[in-house]
Amino acid sequence: MSAAVSTRPVRVRPPWWRRLPVLQQLQQSVGLQRGMLVAGLVITGIFLVVAIFAPLLAPYRYNQLRGPEGLFGAQQPPGPDHLLGTTVGGYDVLSRVIWGAQTALLVIIVAIVLSAFLGIALGLLAGYIGGWFDRITIVIADAIYAFPSLLLAIVAAIVISGGQSSLWGGILAAAISITVVFIPQYLRVVRAEVLRVKSEAFVEAAKVAGAPTSRIMFRHVLRNSTRTLPLILTLNSSEAILTLAGLGFLGFGIEPSAAAEWGYDLNKSLSDVTSGIWWTSIFPGLAIVLVVLGITLIGESLNDLADPRLRARRKPARTAEEAVAAEEPVAREELGEVL
Amino acid sequence: MTTVTAPATPSGEGTAGIKRARGGGLWRYLLVRFLLIFPTIFILVTLVFFLMRLTGDPITASLGDRLTPDQLAERIHEAGYDRPIIVQYLEYLGQVFTGNFGNSITDGRPITEVLWTYGSATLELVFYSLIVAFIVGIPLGMVAAYFRDRWGDASLRVFAILCYATPVFFAGLVLKLVFSVWLKWLPVAGRASTRTEIKLQQLDHPTGIYLIDAIQTGSSAAVWDVLAHAVLPALALGLLTAGVFLRLVRTNVIGTLSRDYVDAARSRGVGEFRLVRLHALKPALIPIITVIGLQIAMLLGGAVLTETTFEWKGLGFQLAYYLSKRDFVAVQGIVALLAVIVALTNFIVDIIAAILDPRVRY
């Protein structure tokens, strides 16, 4: 392949960081679309910072019930000691909202790593091998996909933790139950892409050249089948947060002494609402909405930029290199270039 | 089920995976699609059965802390949970096939009876939510498509994402707080006030669907009461789907607005409103019909949360109750039953889509 590239007219590649999935789209976007993408990136960035530095940012521990002056007291309205008040269980709302970000992030990471790994592997196999294996996998995936994901997650949560759990037990339970629901999505998308790429000339060429199947699958097919993955990744992160919150709301979350979880806090605030106590529910709820909003904004923008029907006018290229950069993903596929 | 893969990619890349049969037609499609129901139900029921049994037997789970080991062993033996798992599985499959989903452990009621008692409430809630979704989602989607890439479009899209980003139970809590607690316009929870409930129970042939029953009583106060109780739950659950519809309609109307026949109609002097409503919207509605199947599954999942939030005594509320009692036979029964309902609705929706759009058939 290197010989082929050298005979073509000189094409300067943009530096690697400009070819990263999200940054590349950021450069292509204009106007409102760019605004939405930037807003999403900012919100998600804040979420990541809060999640990582929760121990430094939170005024108290997530399971702390008493300060230097004794117990916090239950359902205290927002005030100087507790900026967002305290819950019915006597925890500090602000601290639990901040620590909740960490729990959410952990669940997202575990769920996505697991489901992406298993889903991509199954999708590759189904798409590449085809035949009966493919049909059976797809029927199973369809059955799971069509089913209400929350119900499946409940069943999975019962199996994994028996309902109540410690920090890691709870995180794993939530993550694995979400994984069960997500595998079909990765599988379908990767499989469809594999089917598309499989018939391309460069795969044929590699076969003729005698490359082993595993090499063709990973280097030629997989590397060229991953263009829709960033989109599913964002979709699944937001769905992971919603599923975790739903599980927590139904009482399958993580015990308050083990970690802070937004859904659990919302469940406990159910009776507060009737008596007009708003701070115990509004803040954890807003945290969920904001994080999902941020991640979804990124996903939506990526989707629009990838869909020619929805793409707004791209930013006109200022230089020849930029024009090439904008067409880069397509150009790479047509070339069958692997690296 | 076969046309849509993910909410954000509504243009149906899922069909790419299905091999197109030569020839065929509607009847062939109907038959193939009908036969596909069985593996779907079979897979889900099997999956749920084995997952639930991994935790051990249901008797220990629900009564383990209340009975002595001897009593426990006796109960387990009586219920047959000490037999080989494969025997239990085959027996369970046979039961499901004949429409028997077992009895709950906590109150010993047949699960099918639980369905008849509480299913109508869930049906009513899902129906209202779909109405909310249509009324909100479709017109707003058209507006967003027409003002594409302008501020109206941007704010509507953010609204759609907010609908999706807000968990139904949080939406419910906020609606409750604002309209029931602060403004006191609407009731806090339940399906009807006690007085109306009593009136409805005196009916000779109650349907379980409160609105129909209230109309049967002929009292306008009862009808208003039932409707007032339904507004907030329907909004909380319906907005979730409204966001999906908004996005779908927007994407598809944008697609059809750029077609030649729309230009042709515009040059003939067709008004802009009529253009969007008739020429662009109609072809854009078919994808909506295909996603309704998936949406109903999502609404059933959301109903569990909404019903818990509003104490709406339906299947979801009952499921949450059995979950809290760790009655896993009941949970398994309700989940398996919902699997059947989801498979059937998907079948019906796919058939309607195939009749409307010949491209769907394969």
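## Contacts of Ile154(A) and the nonpolar core

In this predicted model, Ile154(A) is in contact with Leu247(A), Leu250(A), Phe252(A) and Leu323(B), once its neighbours within four places in sequence are left aside. Ile154(A) belongs to the largest nonpolar core, a set of 174 residues in which Ile154(A), Trp262(A) and Val331(B) touch the most other members. Helix H5 of chain A, which spans residues 93-129, supplies the largest share of this core, with 17 residues.

Apart from this core lies another one of eight residues, and among them are Ala192(B), Leu203(B), Tyr210(B) and Val226(B).

## Aromatic pairs

Over all chains, a search of the whole structure finds 14 aromatic pairs. In one of these, the ring centres of Phe49(B) and Tyr89(B) are 5.4 Å apart and the ring planes stand at 50 degrees; because pairs count as stacked under 30 degrees and as edge-to-face over 60, the pair is classed as tilted. The two residues link distant parts of the chain, 40 residues apart, with Phe49(B) in helix H1 (residues 26-54) of chain B and Tyr89(B) in helix H4 (residues 85-97) of chain B.

Are these two residues, Phe49(B) and Tyr89(B), buried or exposed? Phe49(B) has a relative accessibility of 1% and therefore counts as buried, and Tyr89(B), with a relative accessible area of 8%, is buried as well, since the cut-off for burial is under 20%. Phe49(B) and Tyr89(B) also form one aromatic cluster together with Phe50(B) and Tyr92(B).

## Architecture of chain B

Chain B has 14 helices and zero strands. Of its 362 residues, 55% are buried, and the accessible surface of chain B comes to about 16,400 Å², with 66% of that area belonging to carbon and sulfur atoms. Among the contacts in chain B with a separation of 6 or more, 72% are accounted for by residues 24 or more positions apart.

## Confidence

The model scores ipTM 0.78 and pTM 0.79. For chain B the mean pLDDT is 78, and 90% of the residues of this chain reach 70 or more. Over residues 1-23 of chain B, however, the pLDDT is below 50, although this stretch has 47 contacts in the model beyond near neighbours in sequence.

Technical notes: Residues are numbered from 1 along each chain as its sequence is written. Chains are lettered from A and ligands numbered from 1 in the order in which they are written. This is a predicted model: local features need pLDDT of at least 70, side-chain atom pairs count only at pLDDT 80 or more; totals for chains, interfaces and linings use all residues. Side-chain values use heavy atoms; hydrogens and water are left out. pLDDT is the predictor's confidence in each residue, from 0 to 100. Contact means heavy atoms within 4.5 Å. Helices (H or I, at least four residues) and strands (E, at least two) are DSSP runs, numbered from the N terminus. Buried means under 20% relative accessible area, exposed over 50%, partly exposed in between (1.4 Å probe, protein chains only). Accessible areas come from the Shrake-Rupley method with a 1.4 Å probe; for residues, only the protein chains shown count as cover. A nonpolar core is a set of buried Ala, Val, Leu, Ile, Met, Phe, Trp, Tyr and Cys residues joined through side-chain atoms within 4.5 Å. Rings of Phe, Tyr and Trp (its six-membered ring) pair if their centres lie within 6.5 Å; planes under 30 degrees apart count as stacked, over 60 as edge-to-face and the rest as tilted.
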